[in-house]
Structures are given as C-alpha cells and as structure tokens.
Amino acid sequence: QWYNPSFAGGWIGMPPPLGEDGAVDYFDGTPSTRTQMAKDVTCFLQWAAEPEHDDRKLMGFKWIVGMTIALGLTTYYKRFKWAPIKNRRLEFEN
C-alpha cells in the first residue's frame with residue numbers, strides 16, 4: 001500500500017505517478033526533482049491542450065498595434081482637421 005494524504009483515509013493502492021528523483025536528465029543541469037518533473041508535465045499538458053495559444057497571442061499583439069495606430073490617426077484628424085471648423089465664430093446680421 002502507498003500513502004497519499006489527498007486520498008480519503010490516506011492509503012491507496014496506486015504508486016506515485018512520478019518516480020524517484022533523478023529519473024530525468026536535463027541538458028542544462030537543472031536538478032531532477034519531483035517538483036521539476038511535475039512542472040514539466042503540467043507545462044506540456046497546457047501546451048498540448050491549446051496549440052493555438054501562440055497564434056492568438058500574436059494576433060492580439062497585431063490588433064493592439066493596429067488600434068494604437070488607428071487611435072493616433074483619428075486623434076490627428078480630430079485635432080488638426082476639425083480644429084479650424086470647431087473654433088470658427090459665426091456672426092449673424094439682423
């Protein structure tokens with residue numbers, strides 16, 4: 001029997017899903033602990049669940065850049081093209 005504090009009663013017949021430390025060799029010298037292996041598994045599952053994530057982030061960045069340019073152009077248009085019209089003084093004769 002294996003001990004698992006998350007399981008009701010604390011005892012379960014399943015061994016730990018991640019083996020002992022040192023089961024994986026990292027090229028960059030990262031220590032191979034259970035915590036690191038769990039982080040790697042969760043990062044892989046996140047990447048596998050949303051393969052379009054990078055494309056969505058790039059598209060969002062393009063939208064933000066485009067909207068910033070559009071905001072600049074509309075500000076220029078309003079400020080310099082409409083300013084003489086808005087500040088015009090109209091006088092009526094009786």
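This is a working chat about side chains and confidence in a predicted model.

Trainee: What's the mean pLDDT of the protein?

Mentor: The mean is 85. Of its residues, 99% reach 70 or more.

Trainee: Which elements have the lowest and the highest mean pLDDT?

Mentor: Strand β1, residues 2-3, has the lowest, at 74. Helix α2 has the highest, at 94.

Trainee: And what about reading places where pLDDT is low?

Mentor: Where pLDDT is low, predicted coordinates should not be read in detail.

Trainee: OK, on to the surface. Which residues form the nonpolar patch?

Mentor: Leu58, Phe61, Val65, Ile69 and Leu73. Together they have about 500 Å² of accessible area.

Trainee: Where does Phe61 sit?

Mentor: In helix α2, which covers residues 53-81.

Trainee: Is Phe61 buried or exposed?

Mentor: Exposed. Its relative accessible area is 54%, and the cut-off for exposed is over 50%.

Trainee: Switching to aromatics. How many aromatic pairs are there in the whole structure?

Mentor: The search finds 2. One of them is Phe44 with Trp47. Their centres are 5.9 Å apart, with 40 degrees between the planes. That pair is tilted.

Trainee: How far apart are Phe44 and Trp47 along the helix?

Mentor: They are 3 residues apart in helix α1, residues 34-49. That separates them by about one helical turn.

Trainee: And how accessible are Phe44 and Trp47?

Mentor: Phe44 is partly exposed, at 48% relative accessible area. Trp47 counts as exposed, at 56%.

Trainee: What about the pair of Tyr76 and Phe80?

Mentor: Their ring centres are 5.2 Å apart. The planes sit at 45 degrees, so this pair is tilted.

Trainee: Where are Tyr76 and Phe80?

Mentor: Both are in helix α2, 4 residues apart. Again, about one helical turn separates Tyr76 from Phe80.

Trainee: How accessible are Tyr76 and Phe80?

Mentor: Tyr76 is partly exposed, at 45% relative accessibility. Phe80 is exposed, at 52%.

Trainee: Now charges. How many salt bridges does the count come to?

Mentor: The count comes to 1 salt bridge. Arg56 pairs with Glu50. Their closest N and O atoms are 2.5 Å apart.

Trainee: Why can side chains like that pair at all?

Mentor: Opposite charges can pair when the charged atoms come close.

Trainee: Last topic: side chains reaching backbone oxygens. What does Thr68 reach?

Mentor: The backbone oxygen of Ile64, at 2.7 Å. Thr68 belongs to helix α2. Thr68 is partly exposed, at 49% relative accessible area.

Trainee: And which backbone oxygen lies 2.9 Å from the side chain of Ser32?

Mentor: That of Val24. The distance is to a polar atom of the Ser32 side chain.

Trainee: Where's Ser32?

Mentor: In the loop between β2, residues 11-12, and α1.

Trainee: Is Ser32 buried or exposed?

Mentor: Buried. Its relative accessible area is 13%, and buried means under 20%.

Note on methods:
Residues numbered from 1 in each chain as written. Predicted model: local features only at pLDDT ≥ 70, side-chain atom pairs only at ≥ 80, totals over all residues. Heavy atoms only, no water. Patch = residues over 30% accessible without salt bridge, like charges linked within 9 Å, V, L, I, M, F, W, Y side chains within 5 Å. Areas by Shrake-Rupley, 256 points an atom, 1.4 Å probe, with all protein chains shown as cover. Salt bridge = Lys/Arg side-chain N within 4 Å of Asp/Glu carboxyl O. Helix = DSSP H or I, 4+ residues; strand = E, 2+ residues; numbered from the N terminus. Buried < 20%, exposed > 50% of the residue type's maximum accessible area, 1.4 Å probe, protein only. Phe/Tyr/Trp six-rings, centres within 6.5 Å; stacked < 30°, edge-to-face > 60°. pLDDT = per-residue confidence, 0-100. Polar contact = N/O pair within 3.5 Å; in protein donor to acceptor, adjacent residues only side chain to side chain.
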